Number of protein chains: 2
Amino acid sequence: MPMLDTVSFAAECGACPIRHRAVCARCEEDELSRLEDMKYYRSYQAGQTVIWSGDRMDFVASVVSGVATLSQTMEDGRRQMVGLLLPSDFVGRPGRASAAYDVTAATDLVMCCFRKKPFEEMMITTPHIGQRLLEMTLDELDSAREWMLLLGRKTAREKIASLLAIIARRDASLGLTRPSGRIVFDLPLTREEMADYLGLTLETVSRQISALRKDGIISLEGKRHVTVPDFDALLEEAGDDSDGGMLS
Amino acid sequence: MPMLDTVSFAAECGACPIRHRAVCARCEEDELSRLEDMKYYRSYQAGQTVIWSGDRMDFVASVVSGVATLSQTMEDGRRQMVGLLLPSDFVGRPGRASAAYDVTAATDLVMCCFRKKPFEEMMITTPHIGQRLLEMTLDELDSAREWMLLLGRKTAREKIASLLAIIARRDASLGLTRPSGRIVFDLPLTREEMADYLGLTLETVSRQISALRKDGIISLEGKRHVTVPDFDALLEEAGDDSDGGMLS
DNA sequence: CGACTTCTTGACTATTTTCAAGATGCGTGG
DNA sequence: CCACGCATCTTGAAAATAGTCAAGAAGTCG
């Protein structure tokens, strides 16, 4: 098992890449400096577990870079991913002592952690944090519900296309690719992780990716590097309405 | 189509049955009286639509009595329920102009509606509402994630057992039945609504209910009235860990 | 009591899973 | 630099689960 690594980072909130999107987005300068006093960074390697469900959790955190997954496991080993945590996403629940889900680093990961006690106190005294967290939680709830539609009603092919579209759109919104019809990105997940997210087996994931490739919806170099020649065609396969689930 | 019905209700917040659990739970007397100024009650009959996805929504609301459903529909008609709204649950999203989901009355329903504009203003000036709403939203997010596990990984039989367990537990917590091994309740949903909630067809729902009946896990009088002789046996069928997903 | 909706059950079909074998790619060490 | 070993991925064949189509039963409401 690899070890946790507490990092001394370029720790200026002012220079933080997720400053404007994370839970601290609405904070004023003085609030930020209070946050700086309770924060520390942690890095994890791809594959490392951040925390196990049920473990005591004495911090909350924002994802700074990389991708983490939230997942639940049944006694017999069946696993379902219940969230994909991207930069600026929030981890942990104020007021709860232990983790409700397994959190795993899907890629190399950096998190900005806040000691829980002072963070909770600050939530009471300053409204900006709680307001922003409410906004973010409502957004997550919408995502979770969109995912419920996928899990409950979409076919395997639609599930794969939907996941690819989400990842593609996210990369595009981070400015890593131009928002034309052609999109290129790397999958941050293994086939098994995709299966756990989509409620499928890894074999079905593999087959459907092959099928989408055969049909020219995507092309692959290696196993992770994906090219989508026509994003609209991908959305068509995903079965979403044309706006792709954008909520005003 | 039945019509909307605006009701003059026994409108005292002090006597409200959901006073201690709803979004107003933390409000002081003076805050309650501000809420009274912006509130009105509405009743709906079982089957009636409260609001359609995409419709403009100039209120937010709490469910006072009855059961409502939140659902999403794909272009080709596939439908997935994404939430079950019980007394004290909150409907609507502050800061959003239109409904993101279809809201339907599953049973006769009474809602306590707040005009959206003043409610949003009050959220900024008084922290109690936003704090409580954050708590409730985090709880809903947990429920949604529990449902994702069900939709993605459970078998049809486990899905049915899980739904029955949830309804049974809820009725018990409302004090309608004693919390012994034996539990009796009425299903608030049709087979089709159950199917939409569970990501199944109504035929599969029907078959699995018959199977649970044949195996003695439940018994039925009529189609809606259910007796669970041994609640632990039902939980076993649901595939949950023994605590039944209770979160501290 | 009768019409209509809701529900049940049967037979067949489709999709996804399971089990199994082999291919590909990646990192490490010779 | 190449080869080996391990993890990841692909593909095939058979099996299981849930879906579809269809008919009829039960319950409900007027």
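I work with a predicted model, where local features need pLDDT of at least 70, side-chain atom pairs count only at pLDDT 80 or more, and totals for chains, interfaces and linings use all residues. Residues are numbered from 1 along each chain as its sequence is written, chains are lettered from A and ligands numbered from 1 in the order in which they are written, and side-chain values use heavy atoms, with hydrogens and water left out.

**Entry 1: the two protein copies**

I looked up how chain A relates to chain B.

**Entry 2: DNA strand D**

Next I listed the protein around DNA strand D. A residue counts as near a molecule or strand if one of its heavy atoms lies within 4 Å of it. There are 18 residues around DNA strand D, and Ser206(A), Ser210(A), Ala156(B), Thr204(B) and Arg207(B) come nearest. Of the atoms of DNA strand D within 4 Å of the protein, 63% belong to sugar and phosphate.

I then checked polar contacts. The term stands for a pair of N or O atoms within 3.5 Å; within protein, one must be able to donate a hydrogen and the other to accept it, and residues adjacent in sequence count only if both atoms are side-chain atoms.

- Ser206(A) has a side-chain N or O atom 2.7 Å from a phosphate oxygen of DNA strand D.
- Thr204(B) places a polar side-chain atom 2.6 Å from a phosphate oxygen of DNA strand D.
- Glu203(B) has a polar side-chain atom 3.2 Å from a base nitrogen of DNA strand D.

Which elements supply the surface near DNA strand D? Helix 6 (202-214) of chain A and helix 6 (202-214) of chain B each supply at least two residues. Helix 6 of chain A gives the most, with five residues. Helices (H or I, at least four residues) and strands (E, at least two) are DSSP runs, numbered from the N terminus.

By class, the residues near DNA strand D are three nonpolar, seven polar and eight charged. Here Ala, Val, Leu, Ile, Met, Phe, Trp, Tyr, Cys and Pro count as nonpolar, Asp, Glu, Lys and Arg as charged, and the others, Gly among them, as polar.

**Entry 3: DNA strand C**

I repeated the look-up for DNA strand C. Of the 18 residues around DNA strand C, the nearest are Thr204(A), Arg207(A), Arg191(B), Ser206(B) and Ser210(B). Sugar and phosphate make up 60% of the atoms of DNA strand C that come within 4 Å of the protein.

- Glu203(A) has a polar side-chain atom 3.1 Å from a base nitrogen of DNA strand C.
- Arg191(B) has a polar side-chain atom 2.7 Å from a phosphate oxygen of DNA strand C.
- Lys223(B) has a polar side-chain atom 3.3 Å from a sugar or linking oxygen of DNA strand C.

Helix 6 of chain A and helix 6 of chain B are the elements that give two or more residues to the surface near DNA strand C. Helix 6 of chain B gives the most, with five residues. The surface near DNA strand C divides into three nonpolar, seven polar and eight charged residues.

**Entry 4: sheet in chain A**

I found an open sheet of three strands in chain A, in the order 10-12-11 with antiparallel pairing. Two strands pair if DSSP finds at least two bridges between them. Strand 10 (183-186) and strand 11 (219-221) of chain A each have a single partner strand and stand at the edges, so one side of each is left without a neighbour in the sheet. Strand 10 of chain A pairs with strand 12 (residues 225-228) of chain A over four bridges, and Ile183(A) stands opposite Val228(A).

**Entry 5: sheet in chain B**

Chain B has an open sheet of three antiparallel strands in the order 10-12-11. Four bridges join strand 10 to strand 12 of chain B, with Val226(B) as the bridge partner of Phe185(B). Three bridges join strand 11 to strand 12 of chain B, and Ser219(B) is partnered by Thr227(B). The hairpin of strands 11 and 12 of chain B has three residues between the strands, and there Gly222(B) takes a positive phi near 70 degrees.
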